[in-house]
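Here's a quick walk through one model, with an eye on charged pairs and helix packing. Keep the viewer open as you read.

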Amino acid sequence: MAASTFELTVQKSLAATPEEIWAAWSDPDVYDAVHGCHETEIDFRAGGTITTRFFPDRPTGEVFVLLEVDAPRRLVFAWEGHEIQRVTLEILPHPAGVDMAITQACGEDLGWITNGINGWALSWV
């Protein structure tokens, strides 16, 4: 029997181009500014990684494995070692900018998804 999966989506309308939103995920300097990170390294391709440190006093950070990269429309990634905790970013252009949807799915641990969605909502205000 398959494990149940929680899934929540945050959607925002932004006055930006798809390319500007894409840069917030693919350019390390823009990523750091948008996501509040200290230092980020990006190998931006399917199978590549985003390695980021949120705090300068910690030697290690988080590693996200890029599962799907379809510039500048769709990005799917997961936490390294926790592939069930998957995030899908979809960028949908419209005349006033873009609608950006971030969907986070994970197994039965609702705490992971609640923290993640709160983080996504706050980083894109």
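## Ground rules

This is a predicted model, so to speak of a local feature takes pLDDT of at least 70 and side-chain atom pairs count only at pLDDT 80 or more, while totals for chains, interfaces and linings use all residues. Numbering starts from 1 along each chain as its sequence is written, and side-chain values use heavy atoms, with hydrogens and water left out.

## Salt bridges

Side chains of opposite charge can pair when their charged atoms come close. Here there are five salt bridges, each being a side-chain nitrogen of Lys or Arg within 4 Å of a carboxyl oxygen of Asp or Glu.

Take Arg53 and Glu39 to begin with: their side chains meet in a salt bridge at 2.8 Å, N to O. That pair ties together distant parts of the chain, with Arg53 in strand E3 (residues 49-53) and Glu39 in strand E2 (residues 39-42), 14 residues apart. Strands (E, at least two residues) and helices (H or I, at least four) are DSSP runs, numbered from the N terminus. Arg53 counts as buried at 17% relative accessibility, whereas Glu39 is partly exposed at 38%. For those words, buried means under 20% relative accessible area, exposed over 50%, and partly exposed in between (1.4 Å probe, protein chains only).

Arg45 pairs with Asp43 in a salt bridge, the closest N and O atoms being 3.0 Å apart. Arg45 is partly exposed at 44%, and Asp43 is partly exposed at 33%.

Salt bridges that share partners join Glu68, Arg74 and Glu90 into one network. Glu68 is partly exposed at 31%, as is Arg74 at 26%.

## Asp70 in strand E4

Asp70 sits in strand E4 (residues 62-70) and is partly exposed at 27% relative accessibility. Asp70 and Ala46 are 24 residues apart in sequence, and 9.0 Å apart in space, C-alpha to C-alpha.

## Two helices packing

Helix H1 (residues 18-26) packs against helix H2 (residues 28-35) at an angle of about 90°, their axes 6 Å apart. Axes are lines fitted to C-alpha atoms, for helices over the stretch in contact, and angles run from 0 to 180 degrees between N-to-C directions. H1 and H2 are therefore roughly perpendicular, a label for 65 to 115 degrees.

Technical notes: Angles under 35 degrees count as roughly parallel, over 145 as roughly antiparallel, 65 to 115 as roughly perpendicular and the rest as oblique.
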